[in-house]
Amino acid sequence: MQAPFHLPGSQTPPSETPIDQLIRDILAARRITRADQERFMALFLSKSSLGEKEQTQINLLFDALRAGRLRVVD
């Protein structure tokens with residue numbers, strides 16, 4: 001599998017959505033803040049329906065919380 005293409009000076013791949021970036025940042029930090037939670041909810045609630053990818057992303061965060069790989073902080 002080929003690595004994603006990155007533009008010079010870019011932190012994220014061109015195809016990465018704000019939701020992808022937020023989830024990546026939360027999992028990398030191993031914590032979710034109140035601000036992260038509010039942003040997460042706003043991004044998902046702004047959609048009229050959730051596709052399979054979005055449902056998978058939500059499950060990924062909940063699984064990390066349940067397994068103790070993600071802490072909730074204020």
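Phe40 is buried, with a relative accessible area of 10%. Phe44 is buried as well, at 7%. The model is predicted. Both Phe40 and Phe44 belong to the largest nonpolar core, and their rings form an edge-to-face pair.

**Aromatic pair**
- The count of aromatic pairs comes to one.
- The ring centres of Phe40 and Phe44 lie 4.7 Å apart, and the planes meet at 65°.
- That angle is over the 60 degrees required, so the pair counts as edge-to-face.
- Phe40 and Phe44 sit four residues apart in helix 2, which means about one helical turn separates them.

**Contacts of Phe44**
- Beyond its neighbours within four places in sequence, Phe44 is in contact with Ile19, Leu50, Glu54, Gln57 and Ile58.
- Among these partners, Ile19 and Ile58 are also members of the largest nonpolar core.

**Nonpolar core**
- The largest nonpolar core has 11 residues: Ile19, Leu22, Ile23, Ile26, Ile32, Phe40, Phe44, Ile58, Leu61, Ala64 and Leu70.
- Helix 1 (18–29), helix 2 (34–45) and helix 3 (52–67) each give two or more residues to this core.
- Helix 1 gives the most, with four residues.

**Nonpolar surface patch**
- Phe62, Leu65 and Val72 make a nonpolar surface patch of about 280 Å².
- Val72 lies in strand 2 (residues 71–72).
- Val72 has 62% relative accessibility, so it counts as exposed; the cut-off is over 50%.

Notes:
Residues numbered from 1 in each chain as written. Predicted model: local features only at pLDDT ≥ 70, side-chain atom pairs only at ≥ 80, totals over all residues. Heavy atoms only, no water. Patch = residues over 30% accessible without salt bridge, like charges linked within 9 Å, V, L, I, M, F, W, Y side chains within 5 Å. Areas by Shrake-Rupley, 256 points an atom, 1.4 Å probe, with all protein chains shown as cover. Salt bridge = Lys/Arg side-chain N within 4 Å of Asp/Glu carboxyl O. Buried < 20%, exposed > 50% of the residue type's maximum accessible area, 1.4 Å probe, protein only. Core = buried A, V, L, I, M, F, W, Y, C linked by side-chain atoms within 4.5 Å. Contact = heavy atoms within 4.5 Å. Phe/Tyr/Trp six-rings, centres within 6.5 Å; stacked < 30°, edge-to-face > 60°.
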